[in-house]
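Please open the model in your viewer and keep the selection panel at hand.

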Amino acid sequence: MGGMLNGLLGIDTLVYYLLRALVMLIVIPFHEAAHALVSWLLGDPTAKNAGRLSLNPLRHFDPMGALCMIVAGVGWAKPVSIRPDRFRNPKVGMAVSAAAGPLANFLLAYLSMVVYKLLPILFGWYSVPELLSSFFLYMITMNISLGVFNLLPVPPFDGSRIALLFLPQKYYFKAMQYERYIMIAVLLLAVFGVLSGPLSLAENAVIGWLDAATRFIW
């Protein structure tokens, strides 16, 4: 069975998807738990009470969203419930708690880049285990990809909650009525490559900033 699977997929392809799945088990819970943590710190314990202040992947995963994340590089998790009426300033609270997810991913990408750059020093320039190197490389790229994608300023992505700071509420909540359709449209645009140009530019910019911030290593 294993030989047949390797023959169909190829061992390199199989390892690629297994590594992406492993990284996803870290990346998505980190993102979602950050939303729950910040909303709790700002006065809304809804997500915490629902068990979302956790790095347990089972508390966050949507099966179809997780599969799309592994195969296509874009996906989604279970929405984190937040009650803006429990914030002292609902608009600011929503924006800050929304920004926590992408910022958590950028922080994890930064830490992963630090470790990635330390690997040649720890193992020797020509002795770094390939799987270990690939793991941290995927940690960098998938965290940045998820963070940038979620900053899109349209519902239901985190960027839309940040955009609420600059939009009249009536327009925001009108757009929220169609968030499911907007999400499907954005995912289709991403899968078919329509958004690849702008997203790649943003991701490369973040990688450049992180690389500059880790120049103290090499």
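This is a predicted model: local features need pLDDT of at least 70, side-chain atom pairs count only at pLDDT 80 or more; totals for chains, interfaces and linings use all residues.

Residues are numbered from 1 along each chain as its sequence is written, and side-chain values use heavy atoms, with hydrogens and water left out.

Select Ser97 in helix H5 (residues 90-123); helices are DSSP runs of H or I with at least four residues, numbered from the N terminus. Ser97 is buried at a relative accessible area of 1% (buried is under 20%, exposed over 50%, with a 1.4 Å probe and protein chains only). Beyond neighbours within four places in sequence, its contacts (heavy atoms within 4.5 Å) include His35, Ile82 and Phe87.

Next, select helix H10 (residues 196-213) and colour Leu199, Glu203, Val206 and Leu210, which are its buried residues. They lie on the same side of H10, because they cover an arc of only 60° around the axis, taken from the directions from the helix axis to the C-beta atoms. The cover over these buried residues includes H5 and helix H6 (130-149), whereas Pro198, Leu201, Asn204 and Trp209 are exposed on the face turned away.

Finally, show Ala77, Lys78, Pro79, Val80 and Pro156, the closest to the centre of the largest pocket among its 30 lining residues. H9 gives the most to this lining, with five residues.

Definitions and conventions:
Helices (H or I, at least four residues) and strands (E, at least two) are DSSP runs, numbered from the N terminus. On a 1 Å grid over the protein atoms alone, a cavity is a set of points where a 1.4 Å probe fits but cannot get out, and a pocket is an open set with protein on both sides within 12 Å along at least five of seven lines; lining residues have an atom within 4 Å of a point.
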